[in-house]
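Subject: Structure handover

Hello,

Here is the structure I promised to pass on. Please open it beside this email and follow along.

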Amino acid sequence: MADENFSPADPTTPPLSWPDPEWRIADGYTRYPEALATMEDRVTALTKGDPQDRELVWLVEHPPLYTAGTSARQEDLLGGNSFPVYDAGRGGQYTYHGPGQRVGYLMLDLKRRSPDVRCYVHAIEEWLIRTLDCFNVRGERREDRVGIWVARGGGREDKIGAIGVRVRRWVTFHGFALNVEPDLSHFGGIVPCGIREHGVTSLWDLGIHVTMEEVDSALRRTFDEVFGRDASGPMRLGGGGGACQGM
């Protein structure tokens with residue numbers, strides 16, 4: 001995670017008159033520079049504080065590529081694949097994006113919700129856990145590493161969801177990557193998130209042969225459970241407060 005320009009959480013509850021987030025699902029494959037530019041434009045608009053500027057949840061697929069977070073180490077770029085590498089500007093280390101992986105970019109105004117980055121990351125984790133539960137997959141947190149993990153038995157656990165965020169003036173960039181049906185061999189060109197002792201998995205690798213459309217539907221439904229106006233916890237629109245309640 002990368003965070004900047006933070007101040008102590010404002011206990012004042014934001015008004016409930018803000019519009020609900022816009023949802024957008026991209027067709028085809030989205031070029032990474034286009035994704036960065038789109039996020040930059042929406043975040044710039046949201047930082048101006050106009051109540052009519054809507055937050056955005058944007059679901060995309062990328063062509064095969066690697067992204068480097070602000071903590072990326074050169075030794076974790078292993079080679080072996082000729083995919084382009086982009087500086088992401090988010091927190092974290094190296095991540096793979098590609099076909100069959102649902103990437104979610106969240107441009108949310110935490111001032112309208114709760115100005116607490118720790119709770120925000122916790123809420124994204126909860127969102128992915130609830131989405132996986134729709135397909136009878138138990139996703140789990142780990143205290144020492146960000147992301148969502150699946151226990152495979154015998155002490156083995158694999159990462160199924162990566163999370164990396166950036167925040168400017170309490171407006172968020174980036175978000176998550178959930179492995180639905182990617183080519184897992186493409187992760188071999190990096191040490192994913194700098195973690196060498198564990199692997200990666202996907203819904204299809206676990207025998208859950210769902211479509212991207214089914215995953216998107218589950219994401220939409222569980223987003224409201226975690227972030228919607230009627231959700232418990234501070235990340236609902238107009239939630240206020242700084243504690244991770246109800247998560």
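First, a definition: rings of Phe, Tyr and Trp (its six-membered ring) pair if their centres lie within 6.5 Å, and the planes decide the type, with under 30 degrees apart counted as stacked, over 60 as edge-to-face and the rest as tilted. The structure holds 12 such aromatic pairs.

Some ground rules. This is a predicted model, in which local features need pLDDT of at least 70 and side-chain atom pairs count only at pLDDT 80 or more, while totals for chains, interfaces and linings use all residues. Residues are numbered from 1 along each chain as its sequence is written, and side-chain values use heavy atoms, with hydrogens and water left out.

**Aromatic pairs**

Start with W23 and F223. Their ring centres are 5.3 Å apart and their planes stand at 85 degrees, so this pair is edge-to-face. W23 sits in strand β2 (residues 22-25) and F223 in helix α3, which puts them 200 residues apart in the chain. (Helices are DSSP runs of H or I with at least four residues, strands are runs of E with at least two, and both are numbered from the N terminus.) F223 has 2% relative accessibility, so it counts as buried. (Buried means under 20% relative accessible area, exposed means over 50%, and partly exposed is in between, using a 1.4 Å probe and protein chains only.)

Next, find W127 and F176. W127 is in helix α2 and F176 in strand β11, 49 residues apart. Ring pairs link W23, W127, F176, F223 and F227 into a cluster.

Two arginines sit over rings. (The rule: NZ of Lys or CZ of Arg is within 6 Å of the ring centre and within 35 degrees of the ring normal.) R24 lies over the face of W58, at 6.0 Å from the ring centre. R166 lies over the face of F173, at 4.8 Å.

**The nonpolar cores**

In soluble globular proteins, nonpolar side chains tend to be buried together. A nonpolar core here is a set of buried Ala, Val, Leu, Ile, Met, Phe, Trp, Tyr and Cys residues joined through side-chain atoms within 4.5 Å. The largest has 37 residues, and Y120, W127, F176, L203, V215 and F227 touch the most other members. Which elements give two or more residues to this core? They are β3 (56-60), α2 (117-133), β9 (145-153), β10 (156-168), β11 (171-179) and α3. Helix α2 gives the most, with 10 residues. A second, separate core has 17 residues, including M39, L56, W58 and M107.

Look at L203 next. Leaving aside neighbours within four places in sequence, L203 is in contact (heavy atoms within 4.5 Å) with L132, F135, V137, I160, N179, V180, I208, V210 and V215.

Now S202. It lies in the loop between β12 (199-200) and α3 (212-227). Is S202 buried or exposed? Its relative accessibility is 2%, so S202 counts as buried. Beyond residues up to four places away in sequence, S202 touches I160, N179, V180, P182 and L184.

**Salt bridges**

A salt bridge is a side-chain nitrogen of Lys or Arg within 4 Å of a carboxyl oxygen of Asp or Glu. The structure holds 19 of them.

- E55 and R113 form one, with the closest N and O atoms 2.9 Å apart. E55 lies in the loop between α1 (32-47) and β3, and R113 in the loop between β7 (101-107) and α2, so the pair ties together parts 58 residues apart in sequence. Both E55 and R113 are buried.
- R130 and E225 form another, at 3.3 Å between the closest N and O atoms. R130 is in helix α2 and E225 in helix α3, so this pair ties together parts 95 residues apart in sequence. R130 is partly exposed at 25%, and E225 is partly exposed at 36%.
- E157 and R142 meet at 2.9 Å, N to O. E157 counts as buried, at 10% relative accessibility.

Salt bridges that share partners join E125, E126, R130, R141 and E225 into one network.

Finally, A72 is in the loop between β4 (65-68) and β5 (85-87). A72 is partly exposed, with a relative accessible area of 27%. Leaving out residues up to four places away in sequence, A72 touches G92, Q93 and Y94.

Best wishes
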